[in-house]
Amino acid sequence: MLVSSSWDKTARVWDTFERKGTTDTLALSSDCTAVVASPDNTQIAVATLNSEITFYNLKLGVTVGSIEGRNDLWAGRSKEDLISADSQKRNRCFTSLSYSADGSVILAGGRSKYICIYNVEQTVLIKRFEVSRNLSYDAMLQFLRSDNMTDQGPLDMMETEEHEHGTEISLPGVSKGDFSKRRVAPQINVQSVQFCPTGQSWCAASTEGLLIYSLDN
């Protein structure tokens, strides 16, 4: 059995051993961003662009639960954003899912600085982990200082030619420009999450690097 999903708001279950390749189509509420099957292969979880996680029973072909994760993801305001952080929540979604070994909980991460663990049966949030508090990343704050906003844009995004001592310090051998300055601040994201087979630990690949969380320590 093979499960696939796409941006046409559907997920398809394929029977690979059938000669005709019969499929079951599951309707989604939005475009799909991630799909994962439970360890016993009786259920799949599908993450969509509207920050939802929907659980489907493969034997019955029906929805058995859903999670609204928009408020759990949290949205910060970027320096280039002209709207508030609350309005930015529609751009947040889960892009990686992972079941625990017994299938009782699911791990979810994506376009946010938070990783969430949900109970599958009760569809409730168990715990939320903050990946980073590094303010050098963009969109880490919910509110920005209004005095940094000008008619030409935010002061943080403008290039200045004067240093605090009067002259700008550049790299040795560089006659034009300063290639040591960071032009764009990256935003914190979680690319992938995965449970350990024992269920005692899990890891996440994020902008901060590889993070490992364990109950043993």
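Predicted model: local features only at pLDDT ≥ 70, side-chain atom pairs only at ≥ 80, totals over all residues.
## Strands, cores and a pair of salt bridges

Cysteine 203 has isoleucine 212 in E16 as its bridge partner.

**The E14-E15-E16 sheet**

- Strands E14, E15 and E16 make an open sheet of 3 strands in that order, and the pairing is antiparallel.
- The edges belong to strand E14 (190-195) and strand E16 (209-214), each of which pairs on one side only.
- On average, neighbouring strands here are turned by 15 degrees against each other, with direction ignored.
- Strand E15 (residues 201-206) runs antiparallel to E16, and 6 bridges join the two.

**The E4-E5-E6-E7 sheet**

- Another open sheet has 4 strands, ordered E4-E5-E6-E7, again with antiparallel pairing.
- E4 and strand E7 (62-68) sit at the edges with a single partner strand each, so one side of each has no neighbour in the sheet.
- Neighbouring strands of this sheet are turned by 20 degrees against each other on average, direction ignored.
- E4 and E5 run antiparallel and are joined by 5 bridges.
- Within E5, alanine 47 is the residue standing opposite alanine 34.

**Nonpolar cores**

- In soluble globular proteins, nonpolar side chains tend to be buried together.
- The largest nonpolar core here has 16 residues, and the members touching the most others are Ala45, Ile53, Phe55, Phe94, Leu97, Ile106 and Tyr118.
- Two or more residues come from each of strand E4 (32-37), E5, E6, strand E8 (94-99), E9 and E10.
- E8 is the top contributor to this core, with 3 residues.
- Which residues does alanine 45 touch, leaving aside its neighbours within four places in sequence? Its contacts are Ala34, Val35, Val36, Ile53, Thr54, Phe55, Leu97, Tyr99 and Ile106.
- Apart from that core lies another one, of 14 residues, including Leu107, Ile117, Val190 and Leu211.

**Salt bridges**

- Side chains of opposite charge can pair when their charged atoms come close.
- Lysine 113 pairs with glutamate 130, and their closest N and O atoms are 3.1 Å apart.
- Lysine 113 is in the loop between strand E9 (105-110) and strand E10 (114-119), while glutamate 130 is in strand E11 (residues 124-130), so this pair ties together parts that are 17 residues apart in sequence.
- Is lysine 113 buried or exposed? With 8% relative accessibility, lysine 113 counts as buried, whereas glutamate 130 is partly exposed at 25%.
- Glutamate 68 and arginine 70 form a salt bridge too, with 4.0 Å between the closest N and O atoms.

**Positive phi away from glycine**

- Lysine 9 isn't a glycine, yet has a positive phi of about 65 degrees.
- Lysine 9 lies in the loop between strand E1 (2-5) and strand E2 (10-14), and is partly exposed at 42% relative accessibility.
- Serine 51 is another non-glycine residue with a positive phi, near 70 degrees.
- Serine 51 belongs to the loop between strand E5 (43-48) and strand E6 (52-57), and is buried, with a relative accessible area of 0%.

**Cysteines**

- A disulfide is a covalent bond between the sulfur atoms of two cysteines.

**Around threonine 23**

- Threonine 23 lies in strand E3 (residues 23-27) and is partly exposed, with a relative accessible area of 29%.
- Setting aside neighbours within four places in sequence, threonine 23 is in contact with Arg12, Val13 and Trp14.
- Threonine 23 and alanine 11 are 12 residues apart along the chain, and their C-alpha atoms are separated by 9.9 Å.

Terms used: Residues numbered from 1 in each chain as written. Heavy atoms only, no water. Pairing = 2+ DSSP bridges. Axes fitted to C-alpha atoms, helices over the stretch in contact; angles between N-to-C directions. Salt bridge = Lys/Arg side-chain N within 4 Å of Asp/Glu carboxyl O. Buried < 20%, exposed > 50% of the residue type's maximum accessible area, 1.4 Å probe, protein only. Contact = heavy atoms within 4.5 Å. Core = buried A, V, L, I, M, F, W, Y, C linked by side-chain atoms within 4.5 Å.
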